[in-house]
Amino acid sequence: MTTFLDLHIPGTPLLMPNPWDAGSAKLLASLGFEALATTSSGFAATLGRLDGSVTRDEAIAHCATIAQATELPVNGDLENGFADDAGGVAETVRLALGAGLAGCSIEDWSGDAIYEAEHAAERIAAAAEAAHGGDDRLVLTARAENHIHGRDDLADTIARLQSFQEAGADVLYAPGLTKLEDIRQVVTSVDLPVNVLALPGAPPVGELAQAGVARISIGGGFAYVAMGAVVEAARELREDGTYGFWETASVGAKAWRNAHP
């Protein structure tokens, strides 16, 4: 049986889009993707909030909703584990197991600052013990958040990822990297599959594959694409008084019907 971790093949990256509700999960599954991931920012937007404002209980319930929407494996975006201390992170991972997830990610960002390196590794070690200690096993992704928060210290990022590898993580992730040479250096500095966030300016999939990347995700990208389409349609209706947005809407309606054969 192919497991979620088996889908992480360096050089043949798993394309893992991030739905924001059950409907978008079903739609993406119908388009042929092999796995899905939740998005903290996309989910927060559905609640009318900004990223970082969702509670642990809300996030776990949302993860369960996405996991139940399709038969695909789902990776849960659990932010910093909704706790600063290692014990709290472990409890979050145990709750994630009960939500039916195939994997989850834990950040080394508190919401205000990057955790000190030793403490960050302790948190991943506790998460790994919870993820791997029972009959069911979660694929644990450890995230080094330096670059997405303006701290462009590649050496520190690599050192953190290496410590997360030693702490028991299954997949490593440094969101915010867009330079191919930096991504290649990360991949060659660790022994675990590496996820890349497909941000504007990031290398295309083919180049990331050649660099040995094993997984590509998009964060809140598709959720914001949907919002952007609504903004453009609303602008057209208010300012132009026309209905050209139905052309895009017809594509969505057809895809939604095809998702329910």
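Author: Right-handed means that, with the strands pointing away from the viewer, the path from the first strand over the helix to the second runs clockwise. Helices (H or I, at least four residues) and strands (E, at least two) are DSSP runs, numbered from the N terminus. One caution: this is a predicted model, where local features need pLDDT of at least 70 and side-chain atom pairs count only at pLDDT 80 or more, while totals for chains, interfaces and linings use all residues. Residues are numbered from 1 along each chain as its sequence is written, and side-chain values use heavy atoms, with hydrogens and water left out.

Reader: How many bridges join β4 to β5, and in which sense do they run, parallel or antiparallel?

Author: Two strands pair if DSSP finds at least two bridges between them. Across from S105, for instance, stands T141 in β5. Strand β5 covers residues 139-143, and the strands β4 and β5 are joined by 5 bridges and run parallel.

Reader: Which residue of β4 is the bridge partner of D77?

Author: Strand β3 (residues 74-77) pairs with β4 in the parallel sense, over 3 bridges. The partner of D77 in β4 is S105.

Reader: Through which helix does the chain cross from β3 to β4?

Author: This is a β-α-β crossover, and it is right-handed. The helix on the way from β3 to β4 is α4.

Reader: What distance separates the end C-alpha atoms of α4, and what span should we expect?

Author: The expected span of a helix is 1.5 Å times one less than its number of residues. Helix α4 (residues 86-98) has 13 residues, so it should span 18 Å. The model agrees with that, since the end C-alpha atoms are 19 Å apart.

Reader: Which elements do the buried residues of α4 pack against?

Author: Buried means under 20% relative accessible area, exposed over 50%, and partly exposed in between (1.4 Å probe, protein chains only). In α4, the buried residues are G88, V89, A90, T92, V93 and A96. They pack against α3 (56-69), β4 and α5 (117-132).

Reader: How many residues of β4 are buried?

Author: In a regular strand, side chains alternate between the two faces of the sheet. Here G103, S105 and E107 point one way from β4, C104 and I106 point the other way, and all are buried. So β4 is mostly covered, and the number of its residues that are buried is 5 of 5.

Reader: Is E107 buried or exposed?

Author: E107 lies in strand β4, which runs over residues 103-107. Contact means heavy atoms within 4.5 Å, and beyond its neighbours within four places in sequence, E107 is in contact with D77, E79, N80, Y115, R123, R143 and E145. Its relative accessible area is 9%, so E107 counts as buried.

Reader: Which residues form the aromatic cluster?

Author: Rings of Phe, Tyr and Trp (its six-membered ring) pair if their centres lie within 6.5 Å; planes under 30 degrees apart count as stacked, over 60 as edge-to-face and the rest as tilted. The count is 2 aromatic pairs: Y243 and F245 are edge-to-face, at 6.4 Å centre to centre with 85 degrees between the planes, while F245 and W246 are tilted, at 5.9 Å and 35 degrees. Y243 is exposed at 55%, F245 is partly exposed at 22% and W246 is exposed at 57%. The members of the one cluster are Y243, F245 and W246.

Reader: Which residues does P193 touch, not counting those up to four places away in sequence?

Author: P193 sits in the loop between α7 (180-189) and β7 (194-197). At 15% relative accessibility, P193 counts as buried. The residues P193 touches are H8, D170, V171, L172 and A214.
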